[in-house]
Amino acid sequence: MAQAALRPTVRGPTFIRLLARLAELDVAPSGQSLPDQLGQWLDWKHALSLAAALDGRPAAPETAAPAPDDLHAECARAREALAMAIRDEPLLAPGASVPAEPDYATFRTAYLARQRAMQATVGRLRGTLRDALALTPPDLARLAELDAVMEAALTPHEHALLARVPELLGQRFERLRAAGHASRHWLDGFRRDMQGMLLAELDLRFHPVDALLAALRTS
């Protein structure tokens with residue numbers, strides 16, 4: 001008997017690998033360089049703002065920046081609170097009570113709520129860290145301006161792409177329900193998928209925060 005061809009392993013961040021699994025797609029590496037890919041997301045206004053941030057030299061700080069350890073602790077607490085909310089989501093508990101005919105709409109609402117919480121928290125932390133970087137020597141303070149420009153330029157694209165995740169999860173929900181209609185075990189499998197996606201998205205959204213924290217530690 002001929003064996004079915006195994007799907008190639010998708011390489012990259014956990015978030016990308018989980019997305020490929022949800023969509024049941026093989027994701028080939030992009031042939032474009034990172035600058036070329038970013039160039040597709042930056043219009044001329046953003047390019048001018050980015051050039052100004054790169055060419056400018058911030059004024060020397062008049063006050064000391066907050067202690068990096070304090071900011072690291074604040075970010076760690078915020079991240080753990082978001083992760084705990086995902087892990088403790090009642091809807092995702094194994095064996096949680098659901099209607100006889102489960103509806104994905106309830107899960108979609110829960111996913112969107114967690115996305116909004118992540119977005120608000122990460123935005124607040126980035127602002128706090130930029131304020132702290134602005135009080136460091138000029139070469140590092142420039143990173144605060146760069147991050148502000150990149151956030152303004154890339155966030156709309158990021159939000160549009162991340163908004164697709166609940167759609168892919170909905171497709172996964174329907175495929176699992178169709179395949180496991182005679183058993184309720186498929187729903188616990190979906191819960192694990194959804195929780196894993198949320199935790200991976202949390203890691204993805206915190207990349208800019210982690211980068212700003214790393215910059216502060218060098219100040």
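Predicted model: local features only at pLDDT ≥ 70, side-chain atom pairs only at ≥ 80, totals over all residues.
Colleague: How many aromatic pairs does the structure hold?

Modeller: Rings of Phe, Tyr and Trp pair if their centres lie within 6.5 Å. By that criterion, the number of aromatic pairs in the structure is six.

Colleague: Is the pair of Tyr104 and Phe190 stacked, tilted or edge-to-face?

Modeller: The ring centres of Tyr104 and Phe190 are 6.0 Å apart, with 80° between the planes. Planes over 60 degrees apart count as edge-to-face, so the pair of Tyr104 and Phe190 is edge-to-face.

Colleague: Which helices hold Tyr104 and Phe190, and what does the pair tie together?

Modeller: The two residues are 86 positions apart in sequence, so their pair ties together separate parts of the chain. Phe190 belongs to helix H8, residues 185-205, and Tyr104 to helix H5, residues 104-133. The parts tied together are thus in helices H5 and H8.

Colleague: What kind of aromatic pair do Phe107 and Phe173 form?

Modeller: Their centres are 5.8 Å apart and their planes make an angle of 45°. Stacked needs under 30 degrees and edge-to-face over 60, and the rest count as tilted. The pair of Phe107 and Phe173 is therefore tilted.

Colleague: How many residues apart are Phe107 and Phe173, and where do they lie?

Modeller: Phe107 is in helix H5, while Phe173 is in helix H7, residues 165-179. Their pair links distant parts of the chain, and the separation is 66 residues.

Colleague: Is Phe107 buried or exposed, and Phe173 likewise?

Modeller: Buried means under 20% relative accessible area. Phe107 has 2% relative accessibility, and Phe173 has a relative accessible area of 0%. Both Phe107 and Phe173 are therefore buried.

Colleague: Which residues do ring pairs link into a cluster?

Modeller: The cluster takes in Tyr104 and Phe190, both of them buried. Ring pairs also bring in Phe107 and Phe173, along with one Trp. The members are Tyr104, Phe107, Phe173, Phe190 and Trp186.

Colleague: Is Glu151 buried or exposed, and which residues does Glu151 touch?

Modeller: Glu151 sits in helix H6, residues 138-162. Its relative accessible area is 19%, and the cut-off for buried is under 20%, so Glu151 counts as buried. Setting aside residues up to four places away in sequence, Glu151 touches Gly123, Arg126, Arg130 and Pro156.

Colleague: What separates the C-alpha atoms of Cys75 and Leu213?

Modeller: Cys75, in helix H4 (residues 68-87), is buried at a relative accessible area of 5%. Beyond neighbours within four places in sequence, its contacts are Leu125, Leu129, Phe206, Val209 and Leu213. Cys75 and Leu213 are 138 residues apart along the chain, and their C-alpha atoms are separated by 8.8 Å.

Definitions and conventions
Residues numbered from 1 in each chain as written. Heavy atoms only, no water. Helix = DSSP H or I, 4+ residues; strand = E, 2+ residues; numbered from the N terminus. Buried < 20%, exposed > 50% of the residue type's maximum accessible area, 1.4 Å probe, protein only. Contact = heavy atoms within 4.5 Å.
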